[in-house]
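Here's a quick briefing to read alongside the model. Have the sequence and the 3D view open as you go.

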Amino acid sequence: MLPLPETPIALTVERLGQLGEGVASWQGRTVFIPGAFPGDTVRVHLEAQGRVLRGLLREVVTPGPDRRQAPCSLASDCGGCDWLGLAESAQRRAKQEIVLSTLEHLGHMKREDFEVRPLLVAPRDWGYRRRAVLHPVGKGSLGYFSRRSHERLAVAECGALTPALAELPGKLAPLLKPLAKDTEEVLLLAEGDKAAFAVMISGPVTSRHQEAAEAAVRALRLEGAVLVPKEGSPRLLGKPVLRSLSPLRPEVPLYLRPDAFAQAHAEANVGLVTSAIFELAAREADSVLELYSGNGNFTFPLAAGAASVLGVESSPVGVELAQRSAREAGVGNVRFVQGDARKVCDGLVSEGRRFDVCLADPPRAGAPGLAKWMVALGIRRVVYVACDPASLARDGAGVIEAGYRPVALQVVDMFPQTHHVEAVMSFEKGKA
């Protein structure tokens, strides 16, 4: 193997990789270059990281056709929006291709074997994020991780966030100074013009923590806050539970809390839910198994077209919020079980339970073991909502091996200005 050059070299970027980096070639080896885009001619310093060859970007010699001026002064340093310098049209093309190529190379699924639907475009490309995770920076700031590192970058204002949150990092940080040495993360959440926050604390909640958080809520006219200790129950201050509406079922309230998961793009979430419901194609007499059901984001639209829905969720907060929605709206054909999906599914199998269709919306790590549960529970059709193409490829390959065929893929641009993407894929029992 040739030694790496000590001085920067010029390379031309060919495409974008799964993690959003530019991909080029040097001496027959693949080079991953963060911050570079297709068509760019760049000067990079080569660095070996295990078996992977990375190019540290030193200069853009000639910009590619889709490179643009990033609409944020922190774009080159912040790890949040890694595609700000790439035109939206190019972002969308890349996302569709990244998902398809990942399914081909990792899951051995040929794109000709299922229907590929046109990418679903997010209604807003900027100022859309209704939730954020901030980290303490120094003694009086909050910020994000820097690009490709765990170093922290102080942020006073963020244009990627909704108007209710955009200036909150800078305004909240000094008010939470009494919590700084005990703070692990600060979570922001907005619904419309209402906002709340949560603080993840390394130890127990003290009166000093509570007084500072209550003062911040009052000073910034926020709805409330949640203090989450390392052990024990969260402490709710004010009214941190924000009321939204269930996608496709506005008569059902959907509740959000800053220390519980919620989709970051509220408008694009409607498209995501609509796509998943369409792909599942549940019938009126069907029983639905929903894995990783969260606060009921998919549950209530599912329940509108099926006989019953059993939602399985590990987060006690998520289950509590979903049950509140069902109770207040009088939705009687849903039930929620709090527990690990693997253990719950094993229990359902041992009880001899059967379901007609299944919707799974797992976290980034995916749903290992999904295929065996689908077979054992008699599922005829499964829809997998994925935030990680590699997990979808791995789990989807297992589902196909278990006797299902891929039906359709819908890529959803839930996270404009980043390489992150959602995909909805359907599988059906039977022969191809």
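This is a predicted model: local features need pLDDT of at least 70, side-chain atom pairs count only at pLDDT 80 or more; totals for chains, interfaces and linings use all residues.

Residues are numbered from 1 along each chain as its sequence is written, and side-chain values use heavy atoms, with hydrogens and water left out.

- Strand E4 (residues 29-33) and strand E6 (residues 52-62) pair in the parallel sense over two bridges, and Val-31 has Leu-53 in E6 as its bridge partner.

**Phe-32, in strand E4**

- Phe-32 is found in strand E4 and, at 25% relative accessibility, counts as partly exposed; buried means under 20% relative accessible area, exposed over 50%, and partly exposed in between (1.4 Å probe, protein chains only).
- Leaving out residues up to four places away in sequence, Phe-32 touches Glu-21, Gly-22, Val-23, Val-52, Leu-53, Arg-54 and Gly-55, where contact means heavy atoms within 4.5 Å.
- Glu-21 is 11 residues from Phe-32 along the chain, and their C-alpha atoms are separated by 5.8 Å.

**Thr-102, in helix H1**

- Thr-102 has its place in helix H1 (residues 88-107) and counts as buried at 5% relative accessibility.
- Neighbours within four places in sequence aside, Thr-102 is in contact with Gln-18, Gly-107, Pro-389, Ala-390 and Ala-393.

**Strand E20 and its partners**

- Strand E17 (residues 287-291) runs parallel to E20, joined by four bridges, and Val-288 has Val-357 in E20 as its bridge partner.
- Strand E21 (residues 381-386) also runs parallel to E20, again with four bridges, and here Cys-358 stands opposite Val-382.
- From strand E20 (residues 357-360), Val-357 and Leu-359 point one way and Cys-358 and Ala-360 the other, and all are buried.

**Nonpolar cores**

- The largest nonpolar core has 38 residues, and those with the most contacts inside it are Leu-103, Leu-289, Leu-291, Leu-370, Met-374 and Leu-409; such a core is a set of buried Ala, Val, Leu, Ile, Met, Phe, Trp, Tyr and Cys residues joined through side-chain atoms within 4.5 Å.
- A second, separate core has 35 residues, including Leu-153, Ala-160, Leu-161 and Leu-222.

**The cavity**

- The count comes to one cavity of 30 Å³ or more; a cavity is a set of points, on a 1 Å grid over the protein atoms alone, where a 1.4 Å probe fits but cannot get out.
- The largest cavity has a volume of about 100 Å³, volume being the space filled by probe spheres set on the points, which are joined across faces, edges and corners.
- Its lining takes in 13 residues, with Ser-141, Leu-142, Ala-173, Leu-176 and Ala-180 nearest the centre; lining residues have an atom within 4 Å of a point.
- Strand E8 (131-137), strand E9 (141-145) and strand E11 (183-191) each supply at least two residues of that lining.

Conventions. On a 1 Å grid over the protein atoms alone, a cavity is a set of points where a 1.4 Å probe fits but cannot get out, and a pocket is an open set with protein on both sides within 12 Å along at least five of seven lines; lining residues have an atom within 4 Å of a point. Two strands pair if DSSP finds at least two bridges between them.
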